[in-house]
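Good morning, and thank you for making the time. Please keep the sequence and the structure in view while I speak.

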Amino acid sequence: MKHSCKNSIGARHFQHLLVSMKFTCLNKGSGYYFPPSYILDVSGFRILLDCPLDISALTIFSPLTTQFHPQLVNESSRYSSMDMEFEIHKRQKIEQPLDRGNFIRAEPWYKTVTDLHLWDPSSIDIVLISSMTGMLGLPFLTRNKGFSAKIYATEATASLGQLMMKDLVSMHSEFVHIYGLEPNFPQWLKWEELELLPSPLKEIAFGKDGLELGGWRPLYSSEDVQVCIQKVEIVKYAEETCYNGALILKAFSSGLEIGSCNWTIDSADADIASVSSSMFASNVATEFNYHALQGKDLILYSDFSANENMEDFEHGNKYNAPTMHPSSTLNDSTVDCKNVDECLLNSEELLEERDKLAFVCSCVVDSVRAGGSVLVALVQPSISLQLLEQIPDYLESSAMRVPVYVISSIASELLAFTNVVPEWLCKQRQEKLFSCQPLFSYAQHLKEKKLHLFPSIHSTELLTNWQEPCIIFASHWSLRLGPVVHLLQRWHGDRNSLLVLEVLRCLSCLSSQWR
Amino acid sequence: MAIECLVLGAGQEVGKSCVIVSINGKRIMFDCGMHMGYDDQRRYPDFSLISQSGDFDAALSCVIITHFHLDHVGALPYFTEVCGYNGPVYMTYPTKALAPLMLEDFRKVMVDRRGEEETFTADNIMQCMKKVIPLDLKQTVLVDSDLLIRAYYAGHVLGAAMFYAKVGDSAMVYTGDYNMTPDRHLGAAQIDRLQLDLLITESTYATTIRDSKYAREREFLKAVHKCVADGGKVLIPTFALGRAQELCILLDDYWEHMNLKVPIYFSAGLTIQANMYYKMLIKWTSEKIKETYATHNAFEFKNVRNFERSLINAPGPCVLFATPGMISGGFSLEVFKHWAPSEKNLITLPGYCVAGTIGHKLMSGKPTKVDLDKDIQIDVRCQIHQLSFSPHTDAKGIMDLVKFLSPKNVILVHGEKPKMGTLKEKIQSELKIPCYVPANGDTVCIPSTLFVRAQASETFIRSCTNPNFRFLSSSCEDESMSPVENPNPISRLRVSDERVSEGILVMEKSKKARVIHQDNLLLELGQKRQELQFAYCFPVHVDRSEETLKEVPFTALDVLGPSHKRHLIQLVCTKLSDQFSEVDLLNHGEHLQVESFSACICSKNNCHHRVFDGSRESSVSLFFCCTWSAADEKLAWEIISAMKKYTLSIN
Ligand SMILES: [Zn+2]
Ligand SMILES: [Zn+2]
Ligand SMILES: [Zn+2]
């Protein structure tokens with residue numbers, strides 16, 4: 001049993017002395033894989049929101065060339081790429097194309113939120129996590145000696161985040177295998193070496209203003225991950241957590257991903273809502289809870305990555321925002337709540353997502369029909385999960401029998417996890433619980449042997465089961481880590497094969513390795 | 001304002017749990033159960049007591065169901081679909097998933113086996129469940145702008161919850177059924193330390209204190225093993241969900257461990273469906289099962305198979321789980337009829353059976369015959385083993401919970417009247433908390449809380465933050481430890497800082513309440529400081545020598561010269577300082593002083609403060625006039641009574 005805390009008179013009173021809060025943007029964010037992070041000083045407490053890793057920065061490294069025969073054929077495979085909008089990107093190359101030799105051949109380092117290192121870790125009181133990608137950089141923070149902040153994440157986000165970190169550490173170990181232990185300060189990180197990089201890669205390494213070099217870190221260990229996860233306090237949606245008798249923190253579903261959330265921070269000074277990237281409706285995750293934003297004094301919208309027209313927050317700028325008093329926009333709305341709910345559920349977003357998934361599925365079928373294989377590399381689990389459900393059905397209705405493999409160190413854990421979290425899913429999936437059906441239909445595909453899970457590309461079961469053409473789901477990691485590297489190497493010369501990719505940065509950097 | 005608590009069911013009994021609580025204008029129904037022991041209108045709570053007009057939507061803010069047992073949810077479809085309640089109904093995700101199974105099972109037994117007219121249909125159950133809003137644990141849910149509810153883990157069965165409800169400043173917890181110790185597939189109840197006006201708790205085992213669970217499990221396994229080893233059949237009447245899974249895990253493990261091949265059967269086709277649910281809801285089970293779910297799902301039993309009716313009279317030993325529990329009808333009754341007459345067979349009964357069921361009849365004494373109805377009688381020669389482990393908390397657990405929550409009032413429900421009385425006495429005498437044991441139809445009223453928000457003054461807050469250090473040197477308990485074992489001998493000095501702040505609560509009409517520091521009080525009130533002073537004039541005996549008589553005229557003791565006065569004061573001072581060595585005694589010549597106490601020789605003839613006691617003649621006495629303030633009252637009287645005994649001499 002645990003003590004619950006109640007606001008004491010004394011604590012509440014003290015906060016009256018502080019009437020303004022301070023907002024400092026550390027990283028403006030660029031989509032689901034790299035959510036924005038910022039520092040919020042409120043009522044005398046320092047709150048850090050999200051601590052991600054820039055996965056896309058991995059592109060400056062060269063992937064491992066494996067014992068697989070490297071066939072350097074002309075570009076012939078078709079790229080159907082997906083970004084947040086699932087549009088097909090056909091970017092024109094501005095410069096001359098990059099080639100193999102341009103990439104750094106060394107054990108990769110990882111790019112964290114650069115500006116975070118300007119802050120004393122011991123000065124942070126609270127860390128709030130909004131999604132699983134928002135916690136990938138946490139072990140860098142928690143292994144600091146002075147770090148003692150309380151970290152809050154939803155139960156589902158913490159589980160997914162832990163899985164993803166585990167996957168990262170296990171994928172990365174392949175490099176350590178090849179390159180051996182690197183010195184503390186690797187050769188490539190030297191100024192002279194970096195100067196030689198082609199400009200797109202240089203920009204990734206240094207940042208636009210040349211200040212981001214300090215953000216690079218060698219990867220954490222699995223022990224670091226363990227220690228980090230133990231420090232995370234897990235909460236449910238709408239669970240009230242009282243910090244130090246002064247702040248009441250609550251997580252509300254943001255609709256983006258299983259467990260992803262927006263936070264509300266209530267103090268004696270002001271009630272604040274911090275809204276991260278959200279989706280009104282989802283075919284997987286619990287619906288966006290906008291009721292939670294009602295009656296707040298201040299709403300911080302932090303993620304405009306999906307909407308470039310919005311005002312651009314340059315990071316590093318400080319805003320001293322005096323807290324407003326009850327006059328929030330949602331407060332005055334006179335719209336009937338029920339109607340709003342209905343609008344949101346039938347929102348275009350959802351229909352658009354459905355259309356895009358259907359489009360991808362039909363592309364997959366086309367490739368397979370032409371005798372090619374398909375490689376699906378996505379960051380966001382909810383998209384992969386839906387494709388895992390739908391692709392076997394599409395194949396079946398096109399009367400094609402092609403195996404679907406998921407190759408990942410966490411494949412079986414991830415799928416087992418998604419079938420035991422009804423509380424974190426959307427209404428339609430909860431209905432499945434109440435009518436005693438598996439929450440995701442791939443449970444059935446697994447049973448019928450249409451879908452197979454393998455921990456790695458080298459597992460013997462995979463080799464004995466191997467059948468081509470096939471459809472393979474592998475984790476993204478900017479096409480630099482794990483099974484995706486080997487498979488691309490195998491199929492990139494096949495004009496009938498298809499790569500379904502979530503685009504993080506400029507496509508030319510990501511894929512030119514394979515030209 | 002008062003909290004009003006109307007008990008519609010489970011008052012001084014177990015069955016049809018249903019309590020209506022009115023709290024600051026909101027009205028909540030906790031549980032909507034049915035009674036397994038009756039098949040007339042007594043089966044359901046008397047809903048007409050809620051609303052004469054039958055407009056339940058207006059009468060109730062919401063319905064909260066704690067878990068899927070029929071004595072807690074059995075009347076819900078009747079209440080929503082037949083009585084027409086349309087308002088919100090809350091229960092946890094597992095309860096919403098599993099309750100319809102229990103209800104449908106019960107409905108079938110009612111219709112198919114007993115041939116009764118059903119009180120609700122399968123469609124009613126479906127429609128009813130559509131109205132249910134599912135909850136996760138700890139989720140804070142606003143039913144409306146004033147009523148807040150929250151569920152806490154209760155153990156007992158999958159998805160069972162205790163419910164916290166708060167309206168304004170009044171708050172309460174309704175426990176439903178709970179277990180304070182973890183079992184194989186569920187964790188122990190867990191709740192925050194809350195400020196409560198009222199706790200309504202179950203009291204099934206109001207007087208039982210249980211020993212180790214391990215011993216009780218062994219006892220059960222031994223009985224089952226012995227029976228099958230002798231070729232007997234074991235009947236375990238149970239409901240499809242709950243105990244069945246717990247006992248299955250237990251038996252499956254034991255079978256595996258002992259390498260037994262005797263078949264274990266499960267009667268209802270519900271097993272597969274139930275397992276499916278348990279697998280999806282694995283996060284609601286015990287820590288141990290949760291940890292391993294990705295590799296091994298504990299609800300996939302290796303040794304358990306489905307039972308066919310034809311196997312009832314098949315030869316050879318077996319173990320059979322048959323529904324419903326307590327042998328209240330259905331398949332378990334059918335099997336019971338066949339197996340009860342043989343002394344080789346064993347029937348295990350749960351720790352608690354509702355009055356009116358066959359299970360209850362078997363438990364009361366050792367009957368050799370049981371009446372099924374007017375015409376049919378069954379010989380009972382089989383062995384009967386009563387399971388002594390149960391998903392309910394024992395008396396110690398109830399006391400622990402009450403103590404932990406320390407509510408202002410306790411109401412006991414869901415128990416047997418005499419035992420509840422004993423527990424009530426215990427709660428009142430040991431924990432000093434008023435406790436009530438209402439019967440069905442009774443209403444209990446208790447006062448509710450209203451917090452007044454008081455503003456604290458700056459001086460008061462500053463005084464609160466003043467440290468109040470006390471330095472204690474802790475005794476060296478571990479002196480035996482050699483320096484090697486204890487390489488880091490930390491200083492033995494302990495510092496305690498128990499802050500004590502004194503303030504004054506000022507509540508004036510039409511003004512906000514404030515807490516201020518005592519130093520600010522006079523300023524706040526616009527008053528001057530008033531001191532309370534005591535005065536007393538009393539005689540002290542004086543011994544006059546011949547010489548002084550000559551020197552000083554007899555009548556003029558009151559006009560003693562200053563030198564004489566000083567002399568006498570000095571005398572008193574000397575005597576007092578011998579007697580009161582620890583006080584600070586000051587001789588100011590004309591008067592003496594200790595703290596606020598001051599004494600001088602009184603030369604007035606009619607002093608206001610003089611008290612004549614007549615014991616000594618004034619002629620030989622000298623009067624001392626004393627004043628002191630209230631703080632030194634005790635000291636003053638000690639000095640006065642000492643002085644009264646003195647005899648002073650003037651020479
Ligand atoms: Zn129960
Ligand atoms: Zn009960
Ligand atoms: Zn006097």
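This is a predicted model: local features need pLDDT of at least 70, side-chain atom pairs count only at pLDDT 80 or more; totals for chains, interfaces and linings use all residues.

As for location, B:His72 belongs to helix α2 of chain B, residues 70–73, whereas B:Asp177 sits in the loop between β10 (170–174) and β11 (198–202) of chain B, so the pair ties together parts that are 105 residues apart in sequence. Both B:His72 and B:Asp177 are buried.

I turn now to the zinc ion (ligand 3). Its protein donors are the SG atoms of B:Cys537, B:Cys602, B:Cys607 and B:Cys625, lying 2.2 to 2.5 Å from the ion. Is the arrangement around the zinc ion (ligand 3) tetrahedral or irregular? The 4 donor atoms subtend angles of 102 to 119°, and the arrangement is therefore tetrahedral, since four donors count as such if all angles lie between 85 and 135 degrees. For reference, the ideal angle for four tetrahedral donors is 109.5 degrees. The spacing of the donors along the chain reads C-x64-C-x4-C-x17-C. Within this set, B:Cys607, in the loop between β31 (597–601) and β32 (621–629) of chain B, and B:Cys625, in strand β32 of chain B, form a pair that links distant parts of the chain, 18 residues apart. B:Cys607 is buried, with a relative accessible area of 8%. B:Cys625 is buried as well, its relative accessible area being 15%.

Finally, the contact between the chains. Chain A contributes 33 residues and chain B contributes 36 residues. Between them, the two chains bury about 3,000 Å², of which 64% is on carbon and sulfur atoms. How many salt bridges are there between chain A and chain B? The count is 3. A:Lys236 forms a salt bridge with B:Asp136, with the closest N and O atoms 3.4 Å apart. There are also 7 residue pairs in polar contact between chain A and chain B, both residues at pLDDT 80 or more. On the side of chain A that touches chain B, the elements that give two or more residues are α1 (9–15), α3 (155–179), α11 (411–418) and α12 (427–434) of chain A.

Note on methods
Residues are numbered from 1 along each chain as its sequence is written. Chains are lettered from A and ligands numbered from 1 in the order in which they are written. Side-chain values use heavy atoms; hydrogens and water are left out. Helices (H or I, at least four residues) and strands (E, at least two) are DSSP runs, numbered from the N terminus. Buried means under 20% relative accessible area, exposed over 50%, partly exposed in between (1.4 Å probe, protein chains only). Donors are N, O and S atoms within 2.8 Å of the metal (3.2 Å for Na, K and Ca); water is not among the atoms, so sites may look incomplete. Four donors count as tetrahedral if all angles lie between 85 and 135 degrees; four count as square planar and six as octahedral if opposite donors are over 155 degrees apart and all others between 65 and 115; anything else is irregular. Contact means heavy atoms within 4.5 Å. Buried area is the accessible area (1.4 Å probe) that two parts lose on being put together, summed over both. A salt bridge is a side-chain nitrogen of Lys or Arg within 4 Å of a carboxyl oxygen of Asp or Glu. A polar contact is a pair of N or O atoms within 3.5 Å; within protein, one must be able to donate a hydrogen and the other to accept it, and residues adjacent in sequence count only if both atoms are side-chain atoms.
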